[in-house]
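Colleague: I would like to learn how to read helix packing and a chain interface. Could you walk me through a case?

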2 protein chains.
Amino acid sequence: MNATLSDGVVRAGESARERFYDSRGYGHPVDGGALELAPVEAAHLLYRGDLEGVDGQSFRTFLTSAAVSETAFLVYKDLRDRGFYLSPAREAWVADGVEVDTGERVDFVVYPRGSGPWDGEVAYRVTVVGERAPVAATDLGDAVLAVVDEESEITYLETARPEIEGSNEVSLPDEVPAELLDERVFVWDPPARLYESGFYGQRLDDQAGDVLQLSLVEAAYLVRQGALAVTGGAEAVLDRGRSVEGDRFDRRLRAYTTLRERGVVPKTGFKFGADFRTYAHVESVENLGHSELLVRVLDTDHAFAPRDLALDVRLAHGVRKEMAFALIDGGENAGIEWVSVGRLTP
Amino acid sequence: MNATLSDGVVRAGESARERFYDSRGYGHPVDGGALELAPVEAAHLLYRGDLEGVDGQSFRTFLTSAAVSETAFLVYKDLRDRGFYLSPAREAWVADGVEVDTGERVDFVVYPRGSGPWDGEVAYRVTVVGERAPVAATDLGDAVLAVVDEESEITYLETARPEIEGSNEVSLPDEVPAELLDERVFVWDPPARLYESGFYGQRLDDQAGDVLQLSLVEAAYLVRQGALAVTGGAEAVLDRGRSVEGDRFDRRLRAYTTLRERGVVPKTGFKFGADFRTYAHVESVENLGHSELLVRVLDTDHAFAPRDLALDVRLAHGVRKEMAFALIDGGENAGIEWVSVGRLTP
């Protein structure tokens with residue numbers, strides 16, 4: 001069977017509808033009984049030998065033409081190999097009621113195994129990217145990223161919008177004197193609860209009543225809450241933070257503050273290469289338990305190299321945590337958009 | 001006991017020599033029987049209550065003065081807590097014959113447990129950095145990095161110069177026709193050994209004789225070796241690589257070429273956020289075995305954020321691989337400096 005390409009759509013005759021759409025979910029039927037196929041679908045049919053040519057072009061010629069993206073083809077083929085039917089994300093291609101435009105760029109609508117374009121159910125919305133294409137942070141949250149690496153292996157990354165919620169409540173002390181050092185704040189005579197109930201800071205020695213070391217972010221938060229008194233006030237801590245980290249300090253402080261407000265305890269994520277690791281429910285400071293999230297704080301404008309995303313996600317998976325990104329724009333009072341990214345095996 | 005500070009050195013009287021140097025390895029004795037202490041050593045003696053004051057300053061006043069770095073103190077204290085004696089890395093402070101200047105910045109010479117500054121043995125040379133201070137890639141290779149994070153926790157990173165050596169030998173075919181796509185090269189009719197003995201590329205389907213997909217780096221190497229023929233020759237592949245990756249493509253190709261020349265098989269490290277994972281001894285392509293190294297290719301000028309180093313090292317450790325960096329300068333024929341970084345618990 002041969003087919004023709006025009007205006008980015010491949011058209012095949014009546015028998016194609018039965019062979020390709022009805023029994024295997026390729027394309028979408030149009031009035032008059034013909035079948036319209038996206039070029040990537042036609043390429044797959046050519047690859048399988050089900051279609052002989054598109055305007056006389058073989059699989060090889062068609063794939064290397066401008067009509068088909070090689071990365072889209074590789075992902076399409078991989079999902080087919082995994083037993084899924086899928087459609088290009090265009091209104092006319094999917095069942096009525098299936099939302100295509102989620103505000104993010106989506107390439108394929110993938111149906112649950114055993115379902116097809118006639119069922120109206122969706123397993124994944126998939127965005128195809130090459131490993132070198134930057135991915136806007138604000139494009140994450142709904143779709144699955146299918147990243148095709150340079151050796152044509154595919155990594156699937158699931159993105160979501162996590163709930164940030166914990167049960168930690170702390171009653172803070174009043175204006176405890178503290179001293180600003182180069183990159184930390186020392187509380188020379190700390191009330192026990194700051195560390196033992198609040199999980200703030202780290203003792204210089206592991207003894208009750210010992211000097212408490214706070215990060216600049218912890219200290220800035222506590223000074224703003226009226227719990228610490230530092231010469232120069234909150235501004236002095238903020239100035240120090242900005243001098244060592246620039247704008248990033250403000251973004252991190254906003255994420256820290258939001259986490260605390262939601263009852264989540266943030267501690268440094270340095271050993272995991274992140275800004276924070278977080279604890280939603282802490283029983284005691286001696287046993288913080290297992291931290292659930294790794295948080296990286298980013299500007300809303302951030303674009304990921306897919307490789308960096310793969311690195312974060314792989315690490316988080318290895319330590320049984322969820323990788324979350326706090327996207328913060330420049331505005332002082334703007335909210336935070338939380339996005340999580342994890343591994344997916346479709 | 002009191003002591004005095006001048007010219008960056010703390011001086012204590014004769015009894016200090018016996019109490020602090022002879023029995024516990026602090027400072028170094030000078031003519032006349034007195035003891036000279038580095039400020040960080042004096043701070044530690046103040047902290048322990050062994051010294052009452054330095055020019056009348058308490059631990060608290062002395063630590064927050066400009067005389068002592070808080071990060072150096074935290075590392076010094078941590079290593080002492082772990083049972084080590086250590087000296088500031090200055091000629092006069094260590095035993096004769098102990099090399100202090102290795103060309104890298106070193107802060108402390110740490111002696112094996114049970115040894116001290118009088119023994120002439122060295123366990124570690126330690127460089128202290130705060131988590132926000134950039135670390136020049138060329139400063140790695142000999143010293144241990146002690147990174148003090150914002151919550152005053154310390155991460156030790158061991159650095160070394162790994163041997164890059166493998167046993168894979170491949171006899172390449174001659175000028176096999178191949179086709180350049182957007183970001184990969186297809187070999188439509190590949191000789192079996194390219195994949196099966198050479199471990200080049202990935203099959204489109206997992207079948208003998210199937211189309212072989214090569215990365216641009218693999219293809220550029222193979223074209224240069226005369227094993228592949230592509231329209232436009234090696235330049236066409238290089239141009240494509242540079243257009244999608246810029247200079248980085250040339251650096252990666254040089255690292256790839258060196259690895260292959262040394263009998264090591266590089267495959268993509270994308271899933272680990274690296275440039276390559278490498279196999280020194282491959283038995284068969286069906287069972288590549290366990291890859292030993294994760295390789296990140298960097299410009300010689302690169303400076304790491306310690307957090308990024310922590311991320312790479314943590315990931316590599318989690319997947320039981322060694323993290324290696326290939327440092328490449330701009331010169332076409334300059335060599336590659338290989339540096340590895342791993343976790344260390346002193």
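Modeller: Start with the axes. An axis is a line fitted to C-alpha atoms, for helices over the stretch in contact, and angles run from 0 to 180 degrees between N-to-C directions. Keep in mind that this is a predicted model.

Colleague: Which numbers describe a packed pair of helices?

Modeller: Two packed helices are described by the angle between their axes and the distance between the axes. Take α6(B) and α7(B). Their axes lie 9 Å apart, and the packing angle is about 160°.

Colleague: How are α6(B) and α7(B) oriented to each other?

Modeller: Angles over 145 degrees count as roughly antiparallel. α6(B) and α7(B) are therefore roughly antiparallel to each other. Their crossing is left-handed.

Colleague: Which residues make the contact of α6(B) and α7(B)?

Modeller: From α6(B) come B:Leu216, B:Val217, B:Ala219, B:Ala220, B:Val223 and B:Arg224. From α7(B) come B:Gly233, B:Ala234, B:Val237, B:Leu238, B:Arg240 and B:Gly241. By class, the contact of α6(B) with α7(B) has eight nonpolar, two polar and two charged residues.

Colleague: At what angle do α6(B) and α8(B) cross?

Modeller: The axes of α6(B) and α8(B), residues 247–261, cross at roughly 60° and come within 10 Å. Here α6(B) passes α8(B) in a right-handed crossing. On the α6(B) side, the contact uses B:Val217, B:Ala220 and B:Tyr221. They meet B:Arg252, B:Leu253, B:Tyr256, B:Thr257 and B:Arg260 in α8(B). The classes are five nonpolar, one polar and two charged.

Colleague: Now a pair from another stretch of chain B. How are α2(B) and α4(B) oriented to each other?

Modeller: Read the angle first. The axes of α2(B), residues 39–48, and α4(B), residues 70–81, cross at roughly 60° and come within 10 Å. α2(B) and α4(B) are therefore oblique to each other. The crossing of α2(B) past α4(B) is right-handed. α2(B) brings B:Val40, B:Ala43 and B:His44 to the contact. α4(B) brings B:Ala72, B:Phe73, B:Tyr76, B:Lys77 and B:Arg80. In this contact of α2(B) with α4(B), five residues are nonpolar, one is polar and two are charged.

Colleague: On to the interface. How many residues of chain B are in contact with chain A?

Modeller: The size of an interface is often given as the accessible area lost when the parts come together. Here we count residues instead. 38 residues of chain B are in contact with 38 residues of chain A. Elements giving two or more residues on the chain B side are β15 (212–215), α6 (216–224), α7 (233–245), β17 (265–268) and α9 (306–318). α9(B) gives the most, with seven residues. By class, the chain B side has 10 nonpolar, 10 polar and 18 charged residues.

Colleague: Through what surface do the copies meet?

Modeller: Compare the two residue sets. 100% of the interface residues of chain B are also interface residues in chain A, so the copies meet through the same surface.

Colleague: Last, the domains. Where do they lie in chain A?

Modeller: The domain assignment gives domain 1 (2–130) and domain 2 (170–254) in chain A. The C-alpha centres of domain 1 and domain 2 of chain A are 57 Å apart.

Technical notes
Residues numbered from 1 in each chain as written. Chains lettered and ligands numbered in written order. Predicted model: local features only at pLDDT ≥ 70, side-chain atom pairs only at ≥ 80, totals over all residues. Domains from an automatic or database assignment. Contact = placed C-beta atoms within 7 Å. Helix = DSSP H or I, 4+ residues; strand = E, 2+ residues; numbered from the N terminus. Nonpolar A, V, L, I, M, F, W, Y, C, P; charged D, E, K, R; others polar. Left-handed = near helix turned anticlockwise from the far one by under 90°. Parallel < 35°, antiparallel > 145°, perpendicular 65-115°, else oblique.
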